[in-house]
Structure formats: structure tokens, C-alpha cells
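Visitor: I am new to this structure and would like to learn how to read it feature by feature. Could you take me through it slowly?

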Amino acid sequence: MGLFSKNKKDNNIESIKGARVKVLGSSCENCHATAIAVKAALEELGECSDIEFVEDLAEIVAYGVMTTPSIVIDDKVVSKGETLNKKEAIKLLKEEI
Amino acid sequence: MKKIKLYALTGFLGSGKTTILKNLLTNLDGKKVGVLQNEFGKLGIDGEILRKDDDLEMIEINKGSIFCSCLKLSFVEALVELSTKNIEYLFVESSGLADPSNMKEILKATAVASGDVYEFEGAICLVDALNFEEQIADLETVERQLKHCNIAVISKMDLVDEERYESLVEHIRKINPVCRIVKSYNGKIDFDLLAEDLKQFSWAESEETTNTKENKPKTLFITYDKEMEKEKFHKFLESIKDKCYRMKGFFNIEGSWNQVDVVGTTINYEKCESKDSSELVIISKIGPAIIKPIFTEWEAIFGEKPALKN
């Protein structure tokens, strides 16, 4: 079952294929929390809040990361293995977008 | 460049994977071999048993199944690292509770990171002749391990009769009609198996593993800093063994160090090298509910509280 399963009642986020911002992760709490924080941060910054959640192992590894959650913006890895809250995600996005 | 021959060793807790692996390593003496060992507990008990050889490159991944979403990236990372060690063979000994259904997903990601360096020769699944029927009734993992293997090695054949063997073969065939089935007596297998093309015995397609963080069995540890009385220790193990998938560890028992193994109803003690402290890993069959009986039994037998850790 994926992280963004329709069965998840709370904090369910739609993963948009090809979105500019990607969260690389697995179905663990930290990855889930980071994805929610990034989405909320994008909304607060008035950016398009679409995100793609990438769970495919080969795709994650292709970005050169071996730790999750990681964040990719415009195909550039901007955060590796850090669980971010909304405040931290806003800071990161301000620098990278 | 010659590809590294990669084998996965699967099979339920206590089925004899480490014993078979030790046996394979002896046969590969003089060759550069890698071992990736995976255990559910935080303590690498089996790693302690193996780590004696200079030609051995070893990585341990503990605290869960390497096929679970929380550890599979670490598994890929370890495969990438071992691919740089100039090894000829790599054996992945997965935890007895690991479901290897997604092995292909791991191999695909490894190939993305480090190129086509591994030749996956197949999965060798150990089937415990004594305890298999009980184990498979308990957990889907056991069925998955068999479904995704190329060879089923029926271990502990020296402890069962031919009738039991035939009924095991019948059961295995219902789960995996293709795999090769071989017998193992006293922890030994025919080393020539490694020269065979095991890929021809592939059966199931890759699928999602059943290992998740949510269904991960509870693992606990007891440490003990005194010399243990055998009679009392045995009584304690007897009292909780039906609530455990497995217990194993090292104990200073009446002045001599022993490796202790509890599988099914069997409690085994084997002399071993001295350790820094006595430790027992307990893999619970009943989740955290095992904590209470551990405390009750230990206190009743030893007259003190156990040093129990999560």
C-alpha cells in the first residue's frame, strides 16, 4: 500500500506525476510527514502545491540518494534524508525555488 | 569484468541458514566472499558467529527486514558498497522473518546505482523439517520464502523420518511446483549446487513484500551480568518458548560460554567463545503481550527483575 493511498483518511495527498517538486520516500512516518510539510510550505508560499511522491526504488536511486525522505526540485536534489517540518520546508523552498 | 555471483539465503527463524552459510563459506575457502547479514534484533548474533575470516567482507543490517520499505534502501546501499570489494560471491542471509518477494526490485535499483555487477543466481530457502508445518500455519512469510525460492533445502533431515520428508515435499510442491528440493543432514548441503544453473527453477513473479513497519514482530533483549545457573535458565526458556518465534543469544552458564538457540520446542546449548556479556534476543509471537510473562517468570525463577530492553 502506497503512502498516498485513498484509504488514508487524514492528510491524504495526491501525487502528481511530473510535478516540479518531488519527495522521494517510502511509506514511513518521516517521509509522510515531510511530504505533508512540503505541500503546506508550497501553499503558504503561494507556489503551485503539486508534488510527486516517488516510491519507486530504482527511480529514487537514480537521483543518487540512498536515504529518504529526500526532496528534488527541478530534478536537483536539495535535501537528503532530513525529516522537515513546515517551517524548515519553507526555508528550503525559499532558497531553491 | 566478471559479475559477482549473488545468492539469497532465506528460510524461517532457526531453519539453519547460518549453519548452511558457514558450511558454504568453508567450501569457498581462499575465495573472496561477501556476506550481507540481516537480523530482526539490534544485536547481530549470527554476525558474531561468522566474523572470523580475513577474506570475508561483511555488512550487517539489523532491526528489521531488508525487504521492508524502511530498510530496502539500506539493502541497496550495502549491495552497492559490496560490489566495490572485489568479491566473487555474495550471500545475502535475510532474517527468518523476511519476505523476499520484491528481490527483483532491489536488484533493479542496485543496477541503476552500480551497473550490472551482480548475477543473481537464485534464492536458497531453508525448510525446517522439524518445525515447518507449524511455522507455515503461523505466518505468510514462510510461504512467500518458499514461493520465491529456486532451491528448497530441507534441513534437519537427520532428525526426521522418510515419511515426514515425503509429506514436506508434497506441501512444498503445493506452494512452489518448480523449485529444486534437496535434503540437508547435519547442516550440510551439496556444494556442487553452486555450480548449477538454479535460475531454471524460478517460479513466482516479483511482487510486493508483506514486510511492513506495522507488522514487524516485537523483538526484546535480556542482558545478564552474572553467571547463569543452567537449571533456572532452562526453566525460564521453557516457560516462554511457546510465545516466541525464536530466542537466541550467548550466556555464561556456570562458568562456560554457550550459544543458546530456541526454535519451536527445541532448546539447544552449544559451547562458544567468551563474550563481554550475556544477552538473549527474544522474537515475540504475541507482540508486546510477551513482556508480562517474561517479567513474571523471570522474577519467580531468579528472584529479581530482568534487565529487559526494547
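Guide: Strands of a sheet pair through backbone hydrogen bonds, either parallel or antiparallel. In this predicted model, β1(B) runs parallel to strand β5 (residues 118-128) of chain B, and eight bridges join them; two strands count as paired if DSSP finds at least two bridges between them. Within β5(B), Ala123(B) is the bridge partner of Ala8(B). Helices (H or I, at least four residues) and strands (E, at least two) are DSSP runs, numbered from the N terminus.

Visitor: What should I know about numbering and about the limits of the model?

Guide: Residues are numbered from 1 along each chain as its sequence is written, while chains are lettered from A and ligands numbered from 1 in the order in which they are written. Local features need pLDDT of at least 70 and side-chain atom pairs count only at pLDDT 80 or more, whereas totals for chains, interfaces and linings use all residues, and side-chain values use heavy atoms, with hydrogens and water left out.

Visitor: In what order do the strands of the open sheet lie, and which stand at the edges?

Guide: The open sheet has seven strands with parallel pairing, in the order β3-β2-β4-β1-β5-β6-β7 of chain B. At the edges stand β3 and β7 (180-183) of chain B, each with a single partner strand, so one side of each is left without a neighbour in the sheet.

Visitor: Which residues have the most contacts inside the largest nonpolar core?

Guide: A nonpolar core is a set of buried Ala, Val, Leu, Ile, Met, Phe, Trp, Tyr and Cys residues joined through side-chain atoms within 4.5 Å, where buried means under 20% relative accessible area, exposed over 50% and partly exposed in between (1.4 Å probe, protein chains only). The largest such core has 33 residues, and those with the most contacts inside it are Leu36(B), Phe75(B), Leu79(B), Leu90(B), Val92(B) and Tyr118(B). With seven residues, α3(B) gives the most to this core.

Visitor: How can I check the length of helix α1 of chain A?

Guide: The expected span of a helix is 1.5 Å times one less than its number of residues. The 16 residues of helix α1 (residues 29-44) of chain A should therefore span 22 Å, which agrees with its end C-alpha atoms being 22 Å apart. Among the buried residues of α1(A) are Cys31(A), His32(A) and Leu42(A), and just after α1(A), Gly46(A) takes a positive phi of about 75°.

Visitor: What scores does the predictor give the complex?

Guide: The complex receives an ipTM of 0.83 and a pTM of 0.87.
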